[in-house]
Amino acid sequence: MGHQRFLPQAHRFCKQKKAFNGEAEHVRAPKPLSGAEVLDFLSGVEVVLGKGRRPSNTEGVWKKRSIFFDLPYWKDLLVRHNLDVMYIEKNVCESLIGTLLNIPGKTKDGENARLDMVAMGIRESLKPVSEEGKKTFLPAACYTLSRSEKKQFCSTLAGVKVPTGYSSNIKSLVQMKDLKLINLKSHDYRTLMQQLLPVAIRGVLPKEVRNTIIRSISHRIFFDVMVHLTVHLPREIKFCGPVWLRWMYSMERYMKILKGYVRNRHRPEGCIIECYIAEEAVEFCSEYLANARTIGVPKGIEERIESRSGFKVIPIDYKTLCEAHYYVLQNTTVVDPYMCEHLSFVRTLHPMKAKNEKWLQAEHKRSFSSWFKRKIETELARPENTISQQIRWLTHEPKREVLSNSGYGIDGYYYNTSDHDSRSTTQNSGVMVEAESLHMSTTKDKNPIYANMLYYGVIEDIWELNYTQFKLPVFRCKWVDNKGGVKVDENGFTLVDLNKEGDPNDQFIFASQAKQVFYVNDPNGGRWSVVLTTKPKLYDRDDVCDNIEETPSFSRGLPESDDIDNEDVAYVREDCEGIYVEEDTTSRKKRKRT
C-alpha cells in the first residue's frame, strides 16, 4: 500500500508489518513534481477540448493537459491546485460513518475490498465466502457493528442537543428505522468528525478499534483517492498557511444566501441580480438614516446574540440576595484591598482560630458586607477622600426586585436556563468556569490550600442585579461537585454527574466569566455525561466570521498504543453477525476477463 512512506522515517508505523500489508516500509516518500516537470510529461499529450472525440492510445497516467498551463507563471507555482479541507473532511467522515453503519452506497467495506486484501495476501480471515444463490457472506470485521450497536450509536446521536448555531439539529439527521444518517451538510460532518463521533462510538467496538478511530488512523479499506488527499494537506499548509484562509465554508455559506434569492427557477440568474441590487440599495439608503431599521430585513444575528429584551421583574429572598451581593464584592477589583484588610482583621480578632482557614473564610464571608459598609461610611466622613462612585454604590445591597430572563447573549455565546432547554431542541444552559477555591483533603482538614479548578454546571436563573447606577448580569447555577462528580477517563473524556450537586451556598458567577459547554449522555450508560466544549461565534458587521481556534482533540488524552502490530490482535469479531451482500455480476465478469 505504501502509505507509511509519507510518515517520518523514524515513525513506529513504518516498522509494523501485520497492521498494514505484511511488509515494513523503508521507502522514502516520492518527491512532488515541479510544474516544469509536469509540463514536460504532458508535452506529448494530445489535448481535445469539449465533449467530442477523445484521444486514443494515450501513454502514461495523464490523458489531458490543464488549460492553466497556458499561463506563463503556472509552471512556477509551488501549489497549483488547492485541496479543499471542507470537502476532504466531509468525504472522510462520510466514508467512516457509512462503513460503520454499513450504509449501502456509502460503505467502503464490500466484496471487492475484501478480495483486494486477499490478493495482497493480508487479512485472510476476512475473505468473502460465496454461498448458494447469489449472496456472498462477509465475515464480521473488527470495525463491524452489530444491529444492537448500530441502535446504540444512532440513539446516542439522536439524543444530542447542541447549543444554538453549533450545528444542525442532530436528531433530525438520524433515521432510526433504517439506522443511518441522512441530509448532513458539510458543517455537520465537521461537527461529527471533531466532537460527536468519538462520543457516539463509546461503548461499541473493541477498545483498540475505538482508539484508532479517535486518533483518525483509518483502516486500509478507508483509503480511497479522497482519503489519500489528507496525506498532501501538511505540504499545502507549509506553503499556503492555515486552512481556514482557503476552505470553502464562507463560499458555501454565501451560496446559500444567493440560492434564497431565487423565486423563478427558470430565471435564477435574473432573480439573484434583482434581489442583490435591491438589497444593496436598501442598505445604502439605511446608512443615512439614524437609528432606523430596514423594513423586511430580519434582525442580524449579532443583534439577536447581544439582545437583552424579554426581562421580567421578580422578587428574590434576602438570603439569596446577600449571597449574590457577596459574590459581586468578592470578584470586583476595586474591593480587593478591603477584602484583604477584613481577612487580616478577622485573624486579629480571633487569634485562637487563626490557623483554621475553613472557619476564617466562613466568618469572613458572613461579616464582610456589614464591615465594608461601615468602613466606607467612615472614610466618606473625612473631608478629603478618594472613594469612587462604584465603591459607594457597592456598599449598598442591590434591589430585592431583579430582572430575570430565560436567555442572555454575551461574548459570542447565547445562554438559556435549564428550564428553557427542557422545552427546546437546543442546549444552551451548560457552563464552565475556571475559579480559585479552597481545597481540603478531608472534612477535618484545617489547613486547606487555594488552587484553580474547572467547575461544570447548568444555569438555573439569569438575573440582572440593580445597583441603581449600574446593573450586573449574573447566572445562578447548579454546580457539579468536583470531589465525586467529575472525572477524566483513559481516553481523555471529561465526565460529570449532573445529579451530584456541589456547594449550594456558592451558586453565582458573572455572565462574562462563563464559558459555554454542552453535555451528552454517556453511551456506556449510568449517570455520567460527557462534556463537550464550544467556541464563541465571532461576528462582524456584515457576516459571520469563522473562528480560527480549533476544538481540542480527544486524542490528546489517549495513551500511545503499541499493540497495533501485535500478532494476537483479532481482525474478525466473533461476537457479531457478518454481512450478506448480493453478488455483483458485472464485477465478477471483469475479474474473470483479467
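Select V517 first: it stands opposite T533 in strand β16. The model in view is predicted.

Next, display the whole of β16, residues 529–533, together with strand β15, residues 515–521. The two strands run antiparallel and are joined by five bridges. Strand β16 is mostly covered, with four of its five residues buried.

Two charged side chains may be selected next. K487 lies over the face of W528, at 4.4 Å from the ring centre. The charged end of R202 sits over the ring of F493, 4.7 Å from the centre of that ring.

Turn now to the aromatic pairs, of which there are 14. Select W247 and Y249: this pair is edge-to-face, with 4.9 Å centre to centre and 85° between the planes. W247 is buried at 6% relative accessibility, and Y249 is buried at 8%. Continue to Y408 and F475, also an edge-to-face pair, at 6.4 Å centre to centre and 80° between the planes. This pair links distant parts of the chain, since Y408 belongs to strand β7 and F475 to strand β11, 67 residues apart. Y408 is buried at 1% relative accessibility, and F475 is buried at 0%. Then select Y338, F345, F368, W371 and F372, which ring pairs link into a cluster.

Finally, select helix α2, residues 85–101. Its 17 residues reach 24 Å from the first C-alpha to the last. Of these residues, 15 are buried, so the helix is largely enclosed by the rest of the structure. Just after α2, N102 takes a positive phi of about 55°.

Conventions. Residues numbered from 1 in each chain as written. Predicted model: local features only at pLDDT ≥ 70, side-chain atom pairs only at ≥ 80, totals over all residues. Heavy atoms only, no water. Buried < 20%, exposed > 50% of the residue type's maximum accessible area, 1.4 Å probe, protein only. Pairing = 2+ DSSP bridges. Expected span 1.5 Å × (residues − 1). Phe/Tyr/Trp six-rings, centres within 6.5 Å; stacked < 30°, edge-to-face > 60°. Lys NZ or Arg CZ within 6 Å of the ring centre and 35° of its normal.
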